[in-house]
Amino acid sequence: MTIDEAVLYFYIYSFLGWVYESILVSVREKRWANRGFLIGPICPIYGAGGLLFALMGTHLSIPLTFLVCMVSSAVLEYLTGYTLEKLFHASWWDYSDMPLNLNGYICLPASLLFGAMGVVVSHFIHPVVALPVGWLPEWLVSVAALLLVGITSADITVTVSTLSDFVEKLVEADRLINQAIDDKYRELESSVSGTIQNVKAIPANVRDKIIDQAI
């Protein structure tokens, strides 16, 4: 497998992953869901996983392929989910309601499924996908790989810029909301305090409790 072929396989599996995710979520939510981090119809995490599965399939037995794919996909999914959430304060998937999950990023059922998918892709699907790619002239594979990398680079630039602007707006909105809440709290506290301040018989702790309950 050459580097250009590896790039092409990466995009093939990224697209197939996008199709799988979009159909799965659309059926579950009963509305069209355009899945993926980027604007284009690809899910790079599936591309990376599919390429990894393809590379391992020719060298490992089926049981060992299952184990390696399960573990490697779990590591890749956890790192990707964690990084995206830290960078953009948003989650592209959440396994919190699944059994044996780790911080909502990965769960055992999904990891087992990815292990099984690794076996299917590496030993059965990839040999079929590799046939038409192998028929293409070497120069065409190189041109296609270069074009896809260029398009994806532009997509990443636009996507990251858009999400960064969105995060900045969220932070500013959060600041304004907290400020408005603080202002309203002080206003209510002052109003309630002024209403009962002339009642000298009320102990300070009871007075504070009344204010808190009123607010």
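**Figure 1. Aromatic cluster of Tyr20, Tyr46 and Phe114.** In this predicted model, ring pairs join Tyr20, Tyr46 and Phe114 into a cluster. Rings of Phe, Tyr and Trp (its six-membered ring) pair if their centres lie within 6.5 Å; planes under 30 degrees apart count as stacked, over 60 as edge-to-face and the rest as tilted. The structure holds 7 aromatic pairs. The rings of Tyr46 and Phe114 are edge-to-face, because their centres lie 6.3 Å apart and their planes meet at 65°. This pair links distant parts of the chain, with Tyr46 in helix 2 (residues 44-57) and Phe114 in helix 4 (residues 108-135), 68 residues apart. Helices (H or I, at least four residues) and strands (E, at least two) are DSSP runs, numbered from the N terminus. Both Tyr46 and Phe114 are buried; buried means under 20% relative accessible area, exposed over 50%, and partly exposed in between (1.4 Å probe, protein chains only).

**Figure 2. The pair Tyr82 and Tyr105.** Tyr82 and Tyr105 form an edge-to-face aromatic pair, 6.2 Å centre to centre with 85° between the planes. Tyr82 lies in helix 3 (residues 62-88) and Tyr105 in the loop between strand 1 (101-102) and strand 2 (106-107), 23 residues apart, and the pair links these distant parts of the chain. Tyr82 has a relative accessible area of 38%, so this residue is partly exposed. Tyr105 counts as buried because its relative accessibility is 9%.

Figure 3. The 27 residues of helix 3 should span 39 Å at 1.5 Å a residue, and the end C-alpha atoms are 38 Å apart, which agrees. The expected span is 1.5 Å times one less than the number of residues. Buried residues in helix 3 include Thr65, Cys69, Met70, Ser73, Ala74, Glu77, Gly81, Leu84 and Phe88. An α-helix has 3.6 residues a turn, so residues three or four places apart point the same way. His89 follows helix 3 and has a positive phi, near 55°.

Figure 4. Leu100, a residue other than glycine, has a positive phi near 55°. Leu100 sits in the loop between helix 3 and strand 1 and is exposed, with a relative accessible area of 65%. Asn103 is not a glycine either, yet its phi is positive, at about 55°. This residue is found in the loop between strand 1 and strand 2; with a relative accessible area of 54%, Asn103 is exposed.

**Figure 5. Nonpolar surface patch around Trp139.** Leu136, Trp139, Leu140, Val143, Leu147 and Ile151 make a nonpolar surface patch of about 590 Å². Patches are made of residues with over 30% relative accessible area and no salt bridge; like charges are joined within 9 Å, nonpolar side chains (Val, Leu, Ile, Met, Phe, Trp, Tyr) within 5 Å. A salt bridge is a side-chain nitrogen of Lys or Arg within 4 Å of a carboxyl oxygen of Asp or Glu. Accessible areas come from the Shrake-Rupley method with a 1.4 Å probe; for residues, only the protein chains shown count as cover. Trp139 is found in helix 5 (residues 138-196) and is exposed, with a relative accessible area of 58%.

**Notes to all views.** Residues are numbered from 1 along each chain as its sequence is written, and side-chain values use heavy atoms, with hydrogens and water left out. Local features need pLDDT of at least 70 and side-chain atom pairs count only at pLDDT 80 or more, while totals for chains, interfaces and linings use all residues.
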